[in-house]
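Hi everyone, thanks for making time this morning. I'd like to walk you through a structure, so please have a look at it before I start talking.

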Amino acid sequence: MKTGAPNGAKMIIERLREAGYEAYAVGGCVRDAVLGRQPEDWDITTSALPERVTELFSDLRVVPTGIKHGTVTVLADGESFEVTTYRVDGEYSDHRRPESVRFTASLEEDLARRDFTINAMAWDPFTDEIVDPFGGMRDIEDRTVRCVGEPEKRFSEDALRVLRALRFSSVLDFEIEEKTARAVREMAGDLEKIAGERIRAELVKLITGRGAARALLEYREVFAVILPELEPLMGLEMHDRFEYFDAYERTVSALESYRGGDPVTAAAILLRNVGVPTGTNGEKLAREALYRLRYPLDEIKKISELVKYSGEYILHTKKAVRRLASALGYEQVSRLLELKRADALAMCEAERARPWADVDGISRIFEEVKLEGEPPSLKNLAVSGGDIMALGVPKGKRVGEILSSLLDAVIDEECENEKEALIERAREML
């Protein structure tokens with residue numbers, strides 16, 4: 001095993017075994033440890049019933065997080081560990097959780113209910129033994145995502161597994177096995193039954209994975225369901241001077257060119273062309289998609305803002321870049337330039353040579369602007385609305401207009417951001 005289990009996980013497994021029960025690390029943590037990746041969570045499976053687990057760890061904090069389904073969370077050594085009793089799942093009527101579970105003494109029965117073979121392995125951190133009845137290790141070696149048992153059954157239990165297959169394929173850069181791939185395409189429509197926030201959680205990881213482009217191109221049916229805003233791009237020709245592109249392929253090519261790993265930038269690249277079929281900016285469509293997928297409001301603002309500005313030409317002048325920084329802030333300008341760089345790399349060579357595609361030139365100017373400190377904005381302007389009203393301007397729209405004009409003067413370096421100088425300039429406007 002390339003990555004060892006944390007002390008808390010080993011302590012829990014050891015105590016369960018000392019009490020006469022079986023216990024193993026299980027699922028995604030085993031997969032990641034085999035691959036040399038740092039697991040996000042360490043889950044433990046055991047033959048002990050949840051009530052007995054609670055008793056055995058009475059000296060620690062134990063939370064009954066899913067006790068109906070055999071799961072309690074044990075807090076040990078400053079970390080949380082889900083401990084779940086071996087079980088067999090009943091029917092899945094809500095396409096998320098089984099209506100009932102039956103506890104079992106068989107580890108293999110427990111592993112058989114899991115989604116993919118690479119997630120259906122148990123590991124003994126003391127002997128390094130891996131229990132692998134469904135060939136998960138072989139599939140890791142072959143870099144393959146394969147369902148445990150019949151894919152149609154696994155996906156009918158929880159339709160989100162359709163998207164999870166693509167997420168694992170993207171993040172791990174694995175191929176999807178033929179029968180599993182066929183079921184992904186055939187059952188993509190069932191994703192309409194899945195809550196937006198669950199889809200978002202998988203999508204965020206998928207689009208920042210190494211194999212995102214392959215997943216997006218090979219499984220268009222899935223993305224047409226979860227992001228119907230992308231479907232009109234599929235098959236829509238875009239002419240970039242000497243080459244024709246499918247608008248969807250162009251989008252995917254830009255995402256493939258992006259290597260930053262920032263979910264906000266990646267989402268903006270993915271949604272950047274949604275307005276192309278209607279000849280609009282796409283900001284509104286992007287915002288609607290993000291609301292539907294229950295993105296956090298702050299991220300909705302940032303992503304839709306990037307979509308809005310993505311098609312705008314930035315003049316290669318310090319004044320223009322300073323204005324952009326004032327409007328968006330340095331972090332968003334950095335993201336916008338990454339988006340534009342990825343989009344430029346997706347163009348044909350002739351288009352990349354055109355002046356408006358020179359992202360590196362704008363980036364050099366941006367670095368100069370950043371050295372000046374925080375960009376001018378209304379919040380750090382040296383005068384306020386109260387100062388303008390003190391000059392005799394009545395409260396209302398005119399106050400805002402004067403403040404905006406003063407901000408423009410500061411951005412354009414026509415006036416220092418000092419109260420006395422700004423008050424004097426404001427008087428000239430009265």
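**Cysteines, a sheet and a few residues to look at**

Let's begin with Cys29, which is buried, with a relative accessible area of 3%. Please keep in mind that this is a predicted model. Where is the closest cysteine sulfur to that of Cys29? That sulfur belongs to Cys147 and lies 20 Å away, which is too far for a bond. Cys415 is another buried cysteine, and its relative accessible area is 12%. For the disulfide count, a pair of cysteine sulfurs has to come within 2.5 Å, and by this rule the count comes to zero.

Now to the sheet. It is an open one of seven strands with mixed pairing, and the order reads S3-S4-S5-S2-S1-S8-S9. Which strands sit at the edges? Those are S3, residues 61–66, and S9, residues 130–131, and each of them pairs on one side only.

Let me take you through some of the pairings. S1 and S2 run antiparallel and are joined by four bridges; if you want a place to look, Tyr24 has Thr45 in S2 as its bridge partner. S2 also pairs with S5, in the parallel sense and again over four bridges. There you can find Asp43 standing opposite Glu82 in S5. Further along, S8, residues 122–123, pairs with S9 in the antiparallel sense over two bridges, and Ala122 stands opposite Val131 of S9.

Two helices belong in this picture. Helix H1, residues 7–18, lies across S1, S2, S4 and S5, and runs at about 150 degrees to S1. Helix H2, residues 28–35, packs on the sheet too: H2 touches S1, S2, S8 and S9, and its direction makes about 65 degrees with that of S1.

On to the nonpolar cores. The largest has 106 residues, and the members that touch the most others are Ile12, Leu16, Trp42, Leu166, Val222, Phe223 and Leu227. What does Phe223 touch, if we skip residues up to four places away in sequence? The list is Leu166, Leu203, Leu206, Ala215, Leu216, Pro228, Leu230 and Tyr248. Another core lies apart from that one; it has 16 residues, including Leu403, Leu407, Val410 and Ile423.

You'll find Glu229 in the loop between helix H11 (220–226) and strand S12 (237–240). Its side chain makes a polar contact of 2.8 Å with the side chain of Arg292. Beyond its neighbours within four places in sequence, Glu229 is in contact with Val274, Leu285 and Ala289 as well as Arg292.

Last, a bit of backbone. Most residues other than glycine have a negative phi. Asp173 has a positive one, near 60 degrees. Asp173 is in the loop between helix H7 (160–172) and strand S11 (175–176), and at 29% relative accessibility it counts as partly exposed. Arg294 also has a positive phi, of about 60 degrees, although it is not a glycine. Look for Arg294 in the loop between helix H14 (283–292) and helix H15 (297–310); at 53% relative accessibility, Arg294 counts as exposed.

That's my tour, and I'm happy to take questions.

Definitions and conventions. Residues numbered from 1 in each chain as written. Predicted model: local features only at pLDDT ≥ 70, side-chain atom pairs only at ≥ 80, totals over all residues. Heavy atoms only, no water. Pairing = 2+ DSSP bridges. Contact = heavy atoms within 4.5 Å. Axes fitted to C-alpha atoms, helices over the stretch in contact; angles between N-to-C directions. Core = buried A, V, L, I, M, F, W, Y, C linked by side-chain atoms within 4.5 Å. Buried < 20%, exposed > 50% of the residue type's maximum accessible area, 1.4 Å probe, protein only. Polar contact = N/O pair within 3.5 Å; in protein donor to acceptor, adjacent residues only side chain to side chain.
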